[in-house]
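Let's take a walk through this fold, one region at a time. Have the viewer open and follow along.

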Amino acid sequence: LRAAGAVITGTLNMDEGALGAVTDNPWFGRTINPLTEPEDGNDLTPGGSSGGSAAAVAAGFCKAALGTDTIGSVRIPAAYCGLFGYKPSQDAALHQGVMPLSPTLDTAGVIARTLNDAAAVMAVLSGRSLDGGTVGTVHRLDWGEAVDCAPDVARAFAKFAAPRGLPTTDLGHYDYGRSRRHALVLAEVEGFKYHARRLASAPSGFSDKFRAMLEFGRDATQETIDAAYAHVDLLRRADLPDFILMPTSPQTAFGFEGPVPDNQADFTAFANLADRPAIQFPIGNNRDGLPVGAQLVGTRGREADLLATLRAMLAAS
């Protein structure tokens with residue numbers, strides 16, 4: 001990025017070990033969503049795990065920021081902060097210099113104020129042009145009753161999608177909660193393998209919560225682990241539409257003092273498990289004025305086509 005002319009302005013906060021979605025780090029503190037009203041007394045999360053990146057962009061500190069996305073950690077904070085979040089297909093080059101959580105699911109990504117800025121940074125990171133893509137047919141996700149989606153999110157998604165008359169898909173009766181749990185198992189199992197030596201030699205360097213999650217991965221049964229890897233293999237071989245429009249998160253940004261929704265990553269986990277590129281983009285606001293996001297999920301390796309298809313959708317708005 002420096003060689004391409006970027007100015008690196010700082011290091012940003014995140015969830016410990018990239019395993020979380022609120023950015024309330026026990027060692028470095030809490031990152032507040034810049035959309036929080038100072039007088040309302042209920043600070044909002046920017047999402048996570050790359051919440052510091054989203055907050056910095058939303059606050060105007062920088063035009064774009066890097067993040068990592070294992071189960072949705074670029075797209076969820078981008079959605080909560082009203083930004084664009086680009087998670088590419090996996091590429092070995094995008095693992096260089098990244099402390100892994102789950103090499104099976106991890107990839108570096110970009111959060112930016114505009115789609116063009118996100119694409120420009122991603123082109124540098126990937127070392128290939130994203131221009132000249134072909135616009136494809138987009139299917140709209142029909143999740144039925146399978147995800148507990150906030151009414152304001154569902155309404156904003158319908159308002160954006162309905163005028164386009166898109167065909168629908170249910171992803172082959174995809175089980176959102178089960179898939180998210182498979183992804184979490186892989187993060188905990190593979191995360192433990194990476195951190196095992198440090199856990200043994202310097203356990204005080206890990207918070208109780210993070211250590212417990214990694215130890216869950218240590219203690220997972222082989223049956224549980226095998227089921228998670230089998231699910232990944234199934235999704236990566238599945239015959240599904242090339243481009244799928246879906247919500248990014250079932251809810252908008254929420255306060256730190258309330259419960260953390262279990263289903264934050266119900267929609268985002270699919271792209272990681274299936275190894276598909278996905279771009280989050282803002283589509284409106286809820287009744288409290290907080291941004292609602294949608295994501296366009298593409299086909300592995302067709303990054304330029306994904307970008308061209310999203311640009312065509314947004315131009316038609």
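In what sense do strand S6 and S8 pair, and over how many bridges? Strand S6 (residues 138–141) pairs with S8 in the parallel sense, over 3 bridges. Keep in mind that this is a predicted model.

## The sheet

Zoom out a bit and you'll find 8 strands making an open sheet with mixed pairing, in the order S3-S5-S4-S9-S10-S8-S6-S7. At the edges sit S3 and strand S7 (168–169), each pairing on one side only. S6 pairs with S7 in the parallel sense too, over 2 bridges.

For an antiparallel example, look at strand S4 (residues 84–87) and strand S9 (residues 278–285), which are joined by 3 bridges. Glycine 85 has glutamine 280 in S9 as its bridge partner.

## Rings with rings

Now for the aromatics: the structure has 8 aromatic pairs. Tyrosine 80 and phenylalanine 254 are both buried.

Phenylalanine 206 and phenylalanine 210 have ring centres 5.9 Å apart and planes at 25 degrees, so this pair counts as stacked; the cut-off for stacking is under 30 degrees. Phenylalanine 206 and phenylalanine 210 are both buried. There's also a cluster linked by ring pairs, made up of Trp143, Phe157, Tyr174, Tyr176, Phe267 and Phe270.

## Arginines over rings

Which arginine has its charged end over the ring of phenylalanine 256? That's arginine 30, sitting 4.2 Å from the ring centre. Arginine 164 lies over the face of phenylalanine 160, 3.8 Å from the centre of the ring.

## A nonpolar patch outside

On the surface, Leu1, Ile8, Leu66 and Val124 make up a nonpolar patch, with about 300 Å² of accessible area together. Leucine 66 belongs to strand S3 (residues 64–68), and with a relative accessible area of 44% it is partly exposed.

Most residues other than glycine have a negative phi, and most peptide bonds are trans. A few spots here are worth a click with that in mind. The peptide bond from glycine 48 to serine 49 is cis, with omega near 10 degrees. Serine 49 sits in the loop between strand S2 (29–30) and helix H1 (51–58). Alanine 18 has a positive phi of about 65 degrees, and you'll find alanine 18 in the segment before strand S1 (24–25). Is alanine 18 buried or exposed? Its relative accessibility is 10%, so alanine 18 counts as buried.

Aspartate 275, in the loop between H8 and S9, also has a positive phi, near 55 degrees. Aspartate 275 counts as buried at 6% relative accessibility. Glycine 298 is 23 residues away from aspartate 275 along the chain, and their C-alpha atoms are separated by 9.5 Å. Glycine 298 is in the loop between strand S10 (291–297) and helix H9 (303–315), and glycine 298 is buried, with a relative accessible area of 0%.

Note on methods. Residues are numbered from 1 along each chain as its sequence is written. This is a predicted model: local features need pLDDT of at least 70, side-chain atom pairs count only at pLDDT 80 or more; totals for chains, interfaces and linings use all residues. Side-chain values use heavy atoms; hydrogens and water are left out. Rings of Phe, Tyr and Trp (its six-membered ring) pair if their centres lie within 6.5 Å; planes under 30 degrees apart count as stacked, over 60 as edge-to-face and the rest as tilted. Buried means under 20% relative accessible area, exposed over 50%, partly exposed in between (1.4 Å probe, protein chains only). A charge sits over a ring if NZ of Lys or CZ of Arg is within 6 Å of the ring centre and within 35 degrees of the ring normal. Patches are made of residues with over 30% relative accessible area and no salt bridge: like charges are joined within 9 Å, nonpolar side chains (Val, Leu, Ile, Met, Phe, Trp, Tyr) within 5 Å. Accessible areas come from the Shrake-Rupley method with a 1.4 Å probe; for residues, only the protein chains shown count as cover. A salt bridge is a side-chain nitrogen of Lys or Arg within 4 Å of a carboxyl oxygen of Asp or Glu. Helices (H or I, at least four residues) and strands (E, at least two) are DSSP runs, numbered from the N terminus. Two strands pair if DSSP finds at least two bridges between them.
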